[in-house]
Amino acid sequence: ALDLGDSQETTAEPKQVVMKFIDKEEHFVNEMQARRNDDGSPRFSSEFVTPDLDSYRADQDAGYADACKTWKPHGADANVLPDYCVVMERGERSLLQAMNAE
């Protein structure tokens, strides 16, 4: 996905990101606890783990909750956006490319 930045920002450069959608709250909480210390700082170096840039919860973000209810991919009959999302920097390689190279 292409992150264009906050609508209030005028200096942000668009950047490529990955959006990891998660269906279950328990899985989302586990993901965020694995990535972050209690103070919100990253648990691991970005050299080893793709850093998260932001996260969204439909139960705590009205704008994201509205998007979950209304967004449909082209040609879909139903809303399919899960209630939880982690936004991360896009890696230089796919997981398959990384596994084959290592």
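## The chain as a whole

A residue is called buried when its relative accessible area is under 20%, exposed when that area is over 50%, and partly exposed in between. In this model, which is predicted, buried residues make up 19% of the 102 residues in the protein chain. The accessible surface of the protein chain comes to about 7900 Å², and carbon and sulfur atoms account for 48% of that surface.

The secondary structure of the protein chain consists of 3 helices and 4 strands, and, read from the N terminus on, these elements follow the order β-β-α-β-α-β-α. Among the contacts in the protein chain with a separation of 6 or more, 54% are between residues 24 or more positions apart.

In soluble globular proteins, nonpolar side chains tend to be buried together. Here the largest nonpolar core has 8 residues, namely Val-17, Ala-58, Tyr-64, Ala-65, Cys-68, Leu-81, Cys-85 and Val-87. Helix 2, which spans residues 62–70, and strand 4, which spans residues 84–89, each supply at least two residues of this core, and the largest share, 3 residues, comes from helix 2.

Leu-81, one of the residues of the largest core, is in contact with Phe-21, Tyr-64, Ala-67, Cys-68 and Trp-71, when its neighbours within four places in sequence are left aside.

## The aromatic pairs

A search of the whole structure finds 2 aromatic pairs. In one of them, the ring centres of Phe-28 and Tyr-84 are 5.2 Å apart and the ring planes stand at 25 degrees, so this pair is stacked. The pair links distant parts of the chain, since Phe-28 lies in helix 1 (residues 25–35) and Tyr-84 in strand 4, 56 residues apart. Phe-28 has a relative accessible area of 3% and is therefore buried, and Tyr-84, at 7% relative accessibility, also counts as buried.

Tyr-56 and Tyr-64 form an aromatic pair that is likewise stacked, with 5.6 Å from centre to centre and 25 degrees between the planes. Which of these two tyrosines is buried, and which is partly exposed? Tyr-56 has a relative accessible area of 27% and so is partly exposed, whereas Tyr-64, with a relative accessible area of 9%, is buried.

Key: Residues are numbered from 1 along each chain as its sequence is written. This is a predicted model: local features need pLDDT of at least 70, side-chain atom pairs count only at pLDDT 80 or more; totals for chains, interfaces and linings use all residues. Side-chain values use heavy atoms; hydrogens and water are left out. A nonpolar core is a set of buried Ala, Val, Leu, Ile, Met, Phe, Trp, Tyr and Cys residues joined through side-chain atoms within 4.5 Å. Buried means under 20% relative accessible area, exposed over 50%, partly exposed in between (1.4 Å probe, protein chains only). Contact means heavy atoms within 4.5 Å. Accessible areas come from the Shrake-Rupley method with a 1.4 Å probe; for residues, only the protein chains shown count as cover. Rings of Phe, Tyr and Trp (its six-membered ring) pair if their centres lie within 6.5 Å; planes under 30 degrees apart count as stacked, over 60 as edge-to-face and the rest as tilted.
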